[in-house]
Each structure stands twice: as C-alpha cells, then as structure tokens.
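Subject: Structure handover

Hello,

Here is the structure you asked about, with my notes below it. Please read the notes with the structure open.

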Amino acid sequence: MAQYKDDSILQAERAKTTPPPMFKVMLLNDDYTPMEFVVFVLQQFFSMNRERATQIMLAVHREGMGVCGVYPKDIATTKVQQVTAFAQQHQHPLQCVMEET
C-alpha cells in the first residue's frame with residue numbers, strides 16, 4: 001500500500017469584499033425654482049419630513065447646493081432621473097446631480 005505525504009496546508013481564503021461605492025445625491029440652486037417645489041421634491045423623492053426638507057432647501061438656497069442623501073450607484077442614478085424628469089414635467093430648471101463620496 002502506497003503512502004502519500006502532503007505537507008501543504010490548505011487555508012481557507014476569505015473573500016475580501018469591499019462595500020460598493022456610495023454616491024451623494026444633491027440639488028443645485030437656481031434663481032427660478034420655487035422653494036416650495038424644492039421642499040415637495042425632497043419630501044416626495046427622499047422621504048423627508050417637512051422640517052428636514054425645509055432645512056435642505058435652505059442649504060440649497062444659501063450655499064448653492066444641498067445633499068439629499070447618500071446611496072449606492074443604481075439608487076442614486078434612479079433618484080437623479082426621477083427628480084430631473086419631475087422638475088422638467090413641471091417646467092422648473094431644478095438640477096439634481098450625483099457624485100461619488
């Protein structure tokens with residue numbers, strides 16, 4: 001009977017998974033979109049209460065932009081598309097953009 005000797009030790013390699021990149025979704029200020037419309041958009045598309053939506057709207061107004069949330073790429077892309085389409089549908093130039101965090 002033959003004997004096999006194997007000195008190698010098999011080690012389980014843990015798959016190193018990195019979390020997916022996250023993206024900030026932001027609204028940009030303009031001189032034409034009514035503040036109330038921005039508040040509505042924040043409530044409708046980002047599930048904010050009126051108080052939080054008003055705070056973000058004021059940041060957009062005063063600082064030129066406001067962060068609506070941070071999401072994985074596919075969700076961020078969808079939110080940008082939804083807000084942009086909704087603003088265009090209501091003839092407002094409101095811009096919604098995303099950038100990697």
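A nonpolar core here is a set of buried Ala, Val, Leu, Ile, Met, Phe, Trp, Tyr and Cys residues joined through side-chain atoms within 4.5 Å. Buried means under 20% relative accessible area, exposed means over 50%, and partly exposed lies in between (1.4 Å probe, protein chains only). This is a predicted model, in which local features need pLDDT of at least 70 and side-chain atom pairs count only at pLDDT 80 or more, while totals for chains, interfaces and linings use all residues. Residues are numbered from 1 along each chain as its sequence is written, and side-chain values use heavy atoms, with hydrogens and water left out.

Core

The largest nonpolar core has 24 residues, and those with the most contacts inside it are Leu-27, Leu-42, Phe-46, Val-83 and Leu-94. At least two core residues come from each of β1 (22–28), α1 (35–46), α2 (50–63), β2 (65–72) and α3 (73–89). Helices (H or I, at least four residues) and strands (E, at least two) are DSSP runs, numbered from the N terminus. The element that gives the most to this core is α1, with 7 residues.

Contact means heavy atoms within 4.5 Å. Not counting residues up to four places away in sequence, Leu-42 touches Leu-27, Ser-47, Met-48, Ala-53, Ile-56, Met-57 and Cys-68.

Helix α3

α3 has 17 residues and reaches 24 Å from its first C-alpha to its last, close to the 24 Å expected at 1.5 Å a residue; the expected span is 1.5 Å times one less than the number of residues. Its buried residues are Ala-76, Lys-79, Val-80, Val-83, Phe-86 and Ala-87. Seen down the axis of α3, these fall within an arc of 140 degrees, so they line one face of the helix. The arc is taken from the directions from the helix axis to the C-beta atoms. Among the elements that cover the buried residues of α3 are β1, α1, β2 and β3. The face turned away from the buried side carries the exposed residues Lys-73, Asp-74, Gln-81, Gln-88 and Gln-89. After α3 comes Gln-91, whose phi is positive, near 60 degrees.

Salt bridges

There are 2 salt bridges in the structure, a salt bridge being a side-chain nitrogen of Lys or Arg within 4 Å of a carboxyl oxygen of Asp or Glu. Glu-99 pairs with Lys-24, with the closest N and O atoms 3.2 Å apart. This pair links distant parts of the chain, Glu-99 being in strand β3 (residues 95–100) and Lys-24 in strand β1, 75 residues apart. Their C-alpha atoms are separated by 5.3 Å. Glu-99 is partly exposed at 37% relative accessible area, and Lys-24 is partly exposed at 22%. Leaving aside neighbours within four places in sequence, Glu-99 is in contact with Met-22, Phe-23, Lys-24 and Met-26.

Arg-50 forms a salt bridge with Glu-36, the closest N and O atoms being 2.8 Å apart. Arg-50 lies in helix α2 and Glu-36 in helix α1, so the pair ties together parts 14 residues apart in sequence. Both are partly exposed, Arg-50 at 41% and Glu-36 at 47%.

Cysteines

With a disulfide defined as a pair of cysteine sulfur atoms within 2.5 Å, the count comes to 0 disulfides. Cys-68 is in no disulfide, and the nearest cysteine sulfur, that of Cys-96, is 5.5 Å away. Cys-68 is buried at 8% relative accessibility, and Cys-96 is buried at 6%.

Regards
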